[in-house]
Amino acid sequence: MSRLLRLLVVLGPLAVPSVALAQQDVGTYNRALSAFNEGKLDTAAPLFARLAEGEDADLKGKSEFYLAQTFAKKDLPVAAFISYAEIVNAGPKHPSYLKAIEGLVDMQQRLDEQNLIPSILNQAYTDEVRDQWVTLPKEVLARINYLVGTASQRRMRFEESRSL
């Protein structure tokens with residue numbers, strides 16, 4: 001029993017900083033989100049960027065998405081496209097996956113990009129996620145079907161293209 005007590009006395013202070021850091025990250029996230037909602041994008045972007053590099057998976061996922069949103073609102077469509085693409089490439093387990101799909105489609109329209117974004121969407125549009133993607137807004141899903149169909153047609157996969 002005394003060994004356990006000594007171990008807790010020695011290791012106890014080491015656990016406290018991780019809790020303090022987690023609370024600090026939540027506070028930083030709240031400040032970044034407030035700045036984003038107030039339109040103070042130059043304040044929000046570095047805070048979201050720092051949190052996107054953090055350890056907390058939930059905060060990291062949310063921060064990655066809001067960083068992409070910040071880039072989009074700052075009229076930096078290439079930076080937003082790269083951020084959304086990273087989220088989409090992370091897969092459906094990412095907390096902002098479907099929102100990132102919408103953002104990626106929006107960036108495709110803004111950039112009028114006809115090769116890379118359709119290719120990313122085509123790779124992401126698997127049988128595993130089709131059921132999730134039907135929950136997207138109809139105009140987004142229609143755009144995705146058009147882009148994926150066009151990408152399939154360019155690769156001479158006509159049957160795949162027609163099935164969309």
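Guide: Arginine 110 pairs with aspartate 75 in a salt bridge whose closest N and O atoms are 2.8 Å apart; the term means a side-chain nitrogen of Lys or Arg within 4 Å of a carboxyl oxygen of Asp or Glu. Helices here are DSSP runs of H or I with at least four residues, numbered from the N terminus.

The model is predicted, so local features need pLDDT of at least 70 and side-chain atom pairs count only at pLDDT 80 or more, whereas totals for chains, interfaces and linings use all residues. Residues are numbered from 1 along each chain as its sequence is written, and side-chain values use heavy atoms, leaving out hydrogens and water.

Back to our pair: aspartate 75 is exposed, at 53% relative accessible area, and arginine 110 is partly exposed at 37%. Exposed means over 50%, buried under 20%, and partly exposed in between (1.4 Å probe, protein chains only).

By the 4 Å rule there are 5 salt bridges. Another of them joins arginine 130 to aspartate 127, with the closest N and O atoms 3.1 Å apart. These two residues sit 3 apart in helix α7 (residues 127–133), which means about one helical turn separates them. Aspartate 127 is exposed at 65%, and arginine 130 is partly exposed at 32%.

Glutamate 38 and lysine 40 form a salt bridge too, their closest N and O atoms being 3.1 Å apart. Glutamate 38 is exposed at 54%, with lysine 40 partly exposed at 46%.
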